[in-house]
Amino acid sequence: MENKTFHIGLCLAGAVSAGAYTAGVMDYLFEALGKWQAKKDKNHDDTPSHNVVISVIGGASAGGMTGIITAAALNNDIQPVRFPRNQEEILKDQPQNKFYNSWVDLLDIDMFPLLLDTKDIDESKQVFSLINSTFIDKIAEKVVQVDVNNLKPLPSFIHPQLKIFTTLTNLGGFCYNVTSRANTTLDKYYMTVHNDYACFQLNKTEGLNDGWMPLDFKTKENVQVAKEAAMATGAFPVGLKSRTLKRLSADVNANQWLRHITDTNPVEGTEYITQNIDGGTLNNEPFEKVRDVLNDITSQDNPTDYNNYNSFKSTILFIDPFPSEKSEPFKIDLGLFSTIGNTLWTLVSHGRAKPSEISNSINDDIAG
């Protein structure tokens with residue numbers, strides 16, 4: 001890989017509150033790559049000389065939220081958080097590290113009074129979720145703020161046009177029809193797809209309509225959209241409030257993962273507003289979407305090329321705090337409430353199933 005560039009795609013799985021784990025991994029990864037880059041710049045003999053860049057970050061739920069946090073954090077210096085030496089340091093805020101500040105510091109030492117507060121019900125006369133979710137709005141607003149007086153250039157290990165996306169579960173969905181040529185009175189067959197994606201790109205080339213929304217925290221371009229997307233992908237059903245997301249219809253229609261629908265059934269109007277729940281409900285590990293982006297960058301579309309250690313130019317790093325274990329044998333229970341619970345779990349589990357991607361990710365012979 002002498003004088004060549006190797007591309008990394010990060011796939012950040014849904015993690016609920018264990019997004020703190022994912023954020024910690026990201027913090028450490030950036031620190032490690034920074035130290036490696038510093039040694040490489042000094043031409044150390046024991047340091048590989050090829051370039052390594054993170055080119056895409058895709059996530060669901062807490063992973064998607066961490067992806068947006070990362071995009072904001074890159075604008076300023078990220079100071080790694082060290083192990084605290086005493087209780088006083090454990091409870092001390094760490095504003096110099098957006099990962100820690102967002103996931104660990106939160107808003108207060110004791111968050112329960114905020115979570116159980118009923119002001120959201122008192123003001124709206126409507127129940128939105130089991131816990132008061134207004135704290136998320138405050139954290140999200142804090143996350144997208146950057147220090148414009150101390151801006152930093154992107155680290156050399158970050159692609160200058162980094163792409164970040166979150167998965168979404170669009171409750172309204174994308175309705176499309178299939179024209180029938182059969183001898184029937186029905187000339188169209190309607191279906192709805194609920195997988196959705198909010199896609200952003202740093203330093204995007206102007207005028208390129210490809211569904212990747214330009215994101216700039218300095219000028220605030222699409223920062224509000226990114227904030228809404230972060231809250232939408234993390235809207236854990238029932239527990240947290242569902243979220244709306246407003247985007248330009250043109251960006252939705254041009255999205256590469258939606259065009260199989262929008263080319264013939266485009267979203268109409270200037271703006272498109274959706275109601276969303278947790279992005280991990282339908283796509284909790286967006287391996288395949290991260291791979292799509294890497295393939296576009298490297299021009300390696302053939303799995304034989306990107307999965308071969310002698311030819312691959314990219315790979316996916318998967319961060320997941322909850323590697324699952326084999327489930328207990330299913331217990332048959334014909335009771336109504338058990339059936340309701342099992343039905344919901346079956347729908348979510350089946351919607352997330354990706355046997356080939358999961359098997360590839362644990363196969364040592366597959367480099368990609």
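A polar contact is a pair of N or O atoms within 3.5 Å; within protein, one must be able to donate a hydrogen and the other to accept it, and residues adjacent in sequence count only if both atoms are side-chain atoms. With that in mind, select Thr281, which is found in the loop between strand S7 (271–277) and helix H11 (287–298); helices (H or I, at least four residues) and strands (E, at least two) are DSSP runs, numbered from the N terminus. A polar atom of the Thr281 side chain lies 2.8 Å from the backbone oxygen of Asp278. Thr281 is buried, with a relative accessible area of 15%, where buried means under 20% relative accessible area, exposed over 50%, and partly exposed in between (1.4 Å probe, protein chains only).

Before moving on, note that this is a predicted model, in which local features need pLDDT of at least 70 and side-chain atom pairs count only at pLDDT 80 or more, while totals for chains, interfaces and linings use all residues. Residues are numbered from 1 along each chain as its sequence is written, and side-chain values use heavy atoms, with hydrogens and water left out.

**Trp257 and its surroundings**

Next, select Trp257, in the loop between H9 and helix H10 (259–262). Trp257 is buried, with a relative accessible area of 7%, and its side chain is joined to that of Asp292 by a polar contact of 2.9 Å. Not counting residues up to four places away in sequence, Trp257 touches Phe165, Tyr197, Cys199, Trp212, Lys289, Asp292 and Val293, contact here meaning heavy atoms within 4.5 Å. If you also display Asp196, you will find its C-alpha 8.2 Å from that of Trp257, although the two are 61 residues apart in sequence.

**The enclosed space**

Which residues line the largest cavity? Select Tyr197, Cys199, Gly211, Met213, Arg247, Asp251, Val252 and Asn255, which together line it. On a 1 Å grid over the protein atoms alone, a cavity is a set of points where a 1.4 Å probe fits but cannot get out, whereas a pocket is an open set with protein on both sides within 12 Å along at least five of seven lines; lining residues have an atom within 4 Å of a point. The elements that give two or more residues to the lining of the largest cavity are strand S4 (188–202) and helix H9 (249–254). Its volume is about 40 Å³, a volume being the space filled by probe spheres set on the points, which are joined across faces, edges and corners. The structure holds one cavity of 30 Å³ or more.

**The second largest pocket**

Now turn to the second largest pocket, with a volume of about 620 Å³. Of the 27 residues that line this pocket, select the closest to its centre: Met65, Trp103, Phe135, Ile136 and Leu240. Helix H2 (62–73), helix H4 (98–105), helix H7 (134–143) and helix H8 (223–233) are the elements that give two or more residues to the lining, and the largest share, five residues, comes from H7. By class, the lining has 20 nonpolar, five polar and two charged residues; Ala, Val, Leu, Ile, Met, Phe, Trp, Tyr, Cys and Pro count as nonpolar, Asp, Glu, Lys and Arg as charged, and the others, Gly among them, as polar.

**The nonpolar cores**

Select Phe30, Ile54 and Phe200, the residues with the most contacts inside the largest nonpolar core, which has 55 residues. Such a core is a set of buried Ala, Val, Leu, Ile, Met, Phe, Trp, Tyr and Cys residues joined through side-chain atoms within 4.5 Å. H8 gives the most to this core, with seven residues. A second, separate core of 19 residues includes Val56, Val267, Tyr272 and Ile316.

Stay with Ile54, whose contacts beyond four places in sequence include Phe30, Leu33, Phe157 and His159. His159 lies in strand S3 (residues 158–179) and is buried, with a relative accessible area of 17%.

Select Asn203, in the loop between S4 and strand S5 (213–215), which has a positive phi of about 50 degrees although it is not a glycine. Asn222, in the loop between S5 and H8, has a positive phi of about 60 degrees and is not a glycine either; Asn222 is partly exposed, with a relative accessible area of 22%.

Finally, select Lys4, in the segment before strand S1 (5–12). Lys4 is exposed, with a relative accessible area of 52%, and, leaving aside its neighbours within four places in sequence, is in contact with His50 and Asn51.
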